[in-house]
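Here are my notes for someone opening this structure for the first time. Please read them with the model on screen.

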Amino acid sequence: MSTENVAAPGFGSDTGDRGRRFLRSLMSTGTIFVLLLILWVWITILNPTFAEPGPFLAYLKRSAPLVILAAGAYFVLVSGNFDLSVGSLVTVIVVVAARLIDGDPSNTWPVIILLLLIGVVVGFVNGFISTVLRVPSFITTLGMLLILNGAVFLWTGGAPRGALADNFRSIGRQGINGIPWIEQLPWSVILLFVIGGASVLLMRSDFGRQLIATGDNERAARLSGVRVDRVRIMAFVLSGTLAAVAGILLAGFGGVSAQVGQGLEFDAITACVLGGVVLGGGRGSVVAAMAGALTLEALFTWLNLQGISGALEDTVQGVIIIAAVSFASYRLRGAR
Amino acid sequence: MTVVDPPEQSAGSRAASRSERVAGWRVGVLASPAAPVYGALIGIFILSWIVVTIKGGEFLTVPNIVNMLQRSVALGIVAVGQTVVILLGSLDLSVAQLISLASLLTATTMDGKEANVVPAIALVLALGVGVGLVNGLIITKLRVNAFIATLGTALVISGFIQNRWDGPAQGVTNSFSQDLGYTRFGVIPLSFFLLAVIVVVVWFILRNTRFGYRIYAVGGSEDVSKLSGLRTHRAIIAGHVLCSLTAVITGLFLASRLGAGTPTVGTDGGYDLESIAAVVLGGTALTGGRGGVIGTIGGVFILAVLDNTFNQLELNAFLKDVVRGIIIIAAVAVYARRQEKKA
Amino acid sequence: MTWRRLAGPFALLACCATVAACGTTDDSSSGDKATGGEATPAATEAKKSNTGEQSEFFVQADYDKQLAQRSVTPEGDASKPWTQMIEPEMVSTEKFKSKKSSGWNVCFSNAASDNPWRQNGLITMKAEAENTKEIAKFTVVDAEAKDDKQISDIEAMTSGGKCDAIIIAPNTTATLTPAVEAACKSDIPVLVFDRGVTTDCPVTFIHPIGGYAFGADAAEFLRDNVKEGGKILALRILPGVDVLETRWSGAKGIFDEAGLNVVGVEFTDGDAAKTKSIVSDYIQREGSLDGVWMDAGATAVAAIEAFEDAGQDVPPITGEDQNDFLTKWKDSKLTAIAPTYSNFQWRTAVIAAVKVLKGEEVPKEWVLPQPKITQDNLDQYVKPNMPPLYYALCGCEDLPGFPQKWGGK
């Protein structure tokens with residue numbers, strides 16, 4: 001392992017280093033921000049209204065669920081694990097919400113609390129099985145994906161039933177009205193910033209450092225006194241909860257749909273990887289992961305404006321992912 | 001999976017490392033937990049037999065057994081390839097899309113003409129080699145993690161399919177479709193023999209050739225293998241080529257079953273995650289170096305029996321998903337426990 | 001040192017540039033997809049047709065026939081449209097008459113239950129089977145939208161020896177044809193409904209008038225309500241399914257003739273979120289849209305919401321008889337039409353099976369009426385006490401268990 005460990009664990013080192021370390025981490029993951037900026041500029045050239053507050057907020061609103069999912073995926077990835085179940089968890093959230101609310105607005109808030117609880121529980125189970133039962137997280141979350149998909153449609157008999165109430169959907173669709181200049185500040189954008197800020201603070205805390213240490217070198221972390229299992233379980237809980245939040249936003253935005261969660265786990269992992277997070281753990285910043293998500297959405301917007309038919313979107317996404325990761329490992333090598 | 005460059009080697013150390021390699025291979029083989037899988041298979045089989053018969057269904061009849069065998073073929077072939085790749089400590093998420101592409105290419109190239117059957121097969125096999133090479137090269141030379149590399153390839157193929165084909169592709173000749181898809185020798189489908197041949201060939205390669213040693217060694221510990229002078233890059237690339245070959249063969253088979261190629265046949269069957277599940281059920285460790293194709297086939301049969309039983313009992317297909325998920329996790333938990341006890 | 005940091009973005013930029021170059025050369029003017037295979041020359045290629053090539057499923061004779069059948073009066077009781085037949089050619093089913101007069105086991109191979117239209121239909125079908133005293137057992141096997149599985153399911157049914165009649169709702173036309181042909185070779189009567197196969201070996205094929213009529217009804221509505229040169233977005237569920245391909249073919253003919261500007265033809269997979277994103281994208285790209293044509297109604301509300309979210313008026317839009325669309329249409333006073341794909345055909349399938357087992361005559365092709373819902377008769381079809389995903393043409397109101405079984409109050 002390189003001694004130039006960019007996000008080095010904090011125990012033992014003096015705090016004066018922190019400023020420099022932060023700067024270095026920003027620079028190593030800086031490429032994603034540059035790319036994001038380039039895409040934004042390019043999109044504005046193609047469609048000048050993009051730079052206006054209304055359309056730009058619409059873009060942020062559309063990206064919010066993925067950004068939040070990327071943050072959740074980040075916590076799990078950086079600690080050395082995978083969470084393949086977030087996509088089906090989102091589907092569960094959407095379908096359960098529709099069934100329980102059943103069009104009655106008074107059900108909304110109790111159901112939301114239940115949904116978040118579901119996210120916590122699923123995350124905890126994932127974490128428990130992957131740590132205490134020693135099942136590789138790839139398999140655990142793969143199994144959980146099957147279980148969640150099966151269970152939710154077992155319950156509803158094959159396709160979503162019920163309906164979402166308007167006040168529930170307003171979280172994903174509406175916002176605070178009457179704000180000067182931008183007219184409406186969508187709730188999802190507010191949530192995006194709140195969660196983003198909280199994640200950054202979390203990573204700066206002891207927990208954050210322990211998380212990275214666990215992913216970087218489990219043995220060393222354990223010997224240094226880090227409760228590795230607990231930290232990992234916590235990461236899964238965060239992933240599950242954030243998936244629930246994303247599900248609530250998606251349900252609001254798109255309505256009830258059975259396919260809403262399909263493939264989201266891969267999108268979230270892609271976003272993280274674009275942002276410089278290394279699969280296997282120990283490296284990357286949560287801000288960069290979220291920027292990766294914004295970049296992915298910007299990429300889709302850009303493709304749309306270029307008139308590239310929906311099909312080639314996949315190919316472009318594939319090429320870019322490979323290029324991004326290959327570039328990242330090239331740089332990793334170069335840093336030695 | 002990180003990839004390290006092999007350093008130069010001296011003759012003496014090469015001899016020493018050879019015995020090391022053989023030892024490594026032996027550990028891999030002896031630790032192969034094929035036994036518990038088949039134990040579980042027999043258990044599930046008997047349980048299903050009892051349950052189905054009680055409900056008035058027919059389990060141990062010839063048509064039913066043949067149905068189960070038929071259902072195992074597609075997944076079985078691709079799972080064999082996935083086994084090789086996982087033994088190497090790698091992964092292949094692109095198989096589902098590749099299967100769809102292979103089926104489409106088969107149909108389009110055959111174009112309904114008998115004369116085109118052989119060229120179509122050749123072209124599809126070449127596709128398999130090509131994609132496997134690309135996967136292997138991206139992983140070794142570009143140093144991209146297998147998860148991302150094969151995910152990326154899957155997306156590239158997916159985009160290509162959607163761009164070129166809008167729906168099912170006609171063109172599979174009736175003879176090809178009947179021959180591979182529906183012919184039977186007595187009661188056993190011809191396709192099952194295809195599966196058996198592939199299993200035997202790959203098993204032989206893994207157990208009795210130097211290439212097989214290399215695969216177990218690289219999967220066991222790539223760094224150690226590197227230091228022992230093994231050409232790890234070649235092994236990884238070859239392993240991925242083998243996996244992609246099995247994927248396109250599955251595509252050929254499915255094209256014959258459906259009488260057409262379709263853009264979704266690979267993803268419909270979930271062959272990417274299902275093949276990984278079958279491999280893991282069969283006792284091969286996800287980290288590599290341990291396991292084998294015999295175990296994998298046991299895993300495939302377990303899934304086929306489950307499928308069949310659920311159909312017979314007319315149980316909800318979604319319940320089947322739940323049960324499958326639980327079984328996969330439980331199986332791996334048990335294997336992990338055994339590993340711990342051994343270590 | 002700096003060049004390394006910038007190498008990344010430059011590499012990715014290069015990727016994007018090449019892709020952009022590819023995109024603008026391959027892509028036809030409006031991002032629509034041309035269907036592959038041999039294209040039968042379309043009826044009229046007048047004006048600037050940017051709807052792509054005609055579907056390989058297109059058959060001119062069928063197109064003409066269906067558009068004419070819309071005005072034919074069906075035979076049978078108009079209060080029970082699921083028993084009516086249009087221009088039937090009856091065949092004898094003497095050889096299929098069951099040895100027993102009751103206690104039948106009817107087996108059904110269902111393509112999938114993955115959308116509300118199918119779910120609704122399945123409930124209706126099971127209720128009809130329960131309500132038929134001669135049927136002792138109604139076996140349903142779900143193929144989960146997988147061709148390969150459905151082929152195995154049908155094989156199992158034919159060789160199992162337990163089925164007195166087999167009803168099949170095929171998943172895909174081309175790929176299920178061999179399996180249906182194989183099933184026909186057995187002694188068991190085979191009935192096909194909903195999506196078809198390219199063989200006429202089944203005893204009967206039950207379906208409403210058809211896709212050409214559906215698509216044409218919707219397209220004619222848009223032609224009459226949208227100005228010439230107006231921008232139309234066409235949304236389709238998925239390709240390769242004959243009943244959906246014919247809807248698009250039916251509409252395409254009319255769009256080409258009328259000189260409407262079809263700015264895009266997109267596939268939605270029947271997913272609400274995807275539909276909403278696609279419509280939003282087009283609104284963003286084009287600035288505004290003058291009409292939306294959809295080949296089904298399950299995601300119509302999502303399309304409407306895309307306009308609402310963008311702060312625009314909802315242009316003339318076509319949907320289907322799904323209750324949430326009808327309710328929204330009425331409440332928001334939209335300009336809309338709902339062609340239907342008679343959900344009550346699920347009931348007819350069971351009725352037909354019973355007739356066959358009794359040795360009674362059935363039409364070789366049982367064509368059911370296909371009413372369309374317009375502003376004039378909308379009120380008859382909106383059902384406030386039924387759930388949003390309920391289909392107005394269910395044909396199930398007189399069955400026991402209504403409305404609770406279908407989710408109503």
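How much area do chain C and chain B bury between them, and what share of it is on carbon and sulfur atoms?

1. About 2,200 Å² is buried between chain C and chain B, with 48% of it on carbon and sulfur atoms. Buried area here is the accessible area (1.4 Å probe) that two parts lose on being put together, summed over both. On the chain C side, Asp148(C), Glu155(C) and Thr175(C) lose the most area to chain B, together 21% of what that side buries. The size of an interface is often given in this way, as accessible area lost when the parts come together.

2. A note on the basis. This is a predicted model: local features need pLDDT of at least 70, side-chain atom pairs count only at pLDDT 80 or more, and totals for chains, interfaces and linings use all residues. Residues are numbered from 1 along each chain as its sequence is written, chains are lettered from A and ligands numbered from 1 in the order in which they are written, and side-chain values use heavy atoms, with hydrogens and water left out.

3. Back to chain C and chain B. The contact (heavy atoms within 4.5 Å) takes 28 residues from chain C and 20 residues from chain B. The rule finds four salt bridges across this interface. A salt bridge is a side-chain nitrogen of Lys or Arg within 4 Å of a carboxyl oxygen of Asp or Glu. Asp148(C) forms one with Arg71(B), where the closest N and O atoms are 3.8 Å apart. Strand E3 (135-142), helix H4 (147-160) and helix H5 (173-184) of chain C each supply at least two residues of the side that touches chain B. H4(C) gives the largest share, nine residues. Helices (H or I, at least four residues) and strands (E, at least two) are DSSP runs, numbered from the N terminus.

4. Chain A next. It has 14 helices and two strands. Of its 336 residues, 60% are buried. Buried means under 20% relative accessible area, exposed over 50%, partly exposed in between (1.4 Å probe, protein chains only). Among contacts in chain A with a separation of 6 or more, 76% join residues 24 or more positions apart.

5. Chain A also carries a nonpolar surface patch with about 800 Å² of accessible area together; its members include Leu100(A), Phe124(A) and Trp155(A). Patch residues have over 30% relative accessible area and no salt bridge; like charges are joined within 9 Å, nonpolar side chains (Val, Leu, Ile, Met, Phe, Trp, Tyr) within 5 Å. Helix H5 (residues 108-131) of chain A gives the most, six residues. Leu100(A) sits in helix H4 (residues 86-101) of chain A. Leu100(A) counts as partly exposed, at 31% relative accessibility.

6. Is helix H9 (residues 300-309) of chain C largely enclosed or open? Eight of its 10 residues are buried, so H9(C) is largely enclosed by the rest of the structure. Among the buried ones are Glu305(C) and Phe307(C). Just after H9(C), Gly311(C) takes a positive phi of about 75°.

7. Asp271(C) is in the loop between strand E8 (261-267) and helix H8 (272-286) of chain C. Asp271(C) is buried, at 7% relative accessible area. Not counting residues up to four places away in sequence, Asp271(C) touches Ser257(A), Gln259(A), Val260(A) and Thr299(C).

8. Thr309(B) lies in helix H14 (residues 293-312) of chain B. Thr309(B) is buried, with a relative accessible area of 6%. A polar atom of the Thr309(B) side chain lies 2.7 Å from the backbone oxygen of Val305(B).

Methods. Areas by Shrake-Rupley, 256 points an atom, 1.4 Å probe, with all protein chains shown as cover. Polar contact = N/O pair within 3.5 Å; in protein donor to acceptor, adjacent residues only side chain to side chain.
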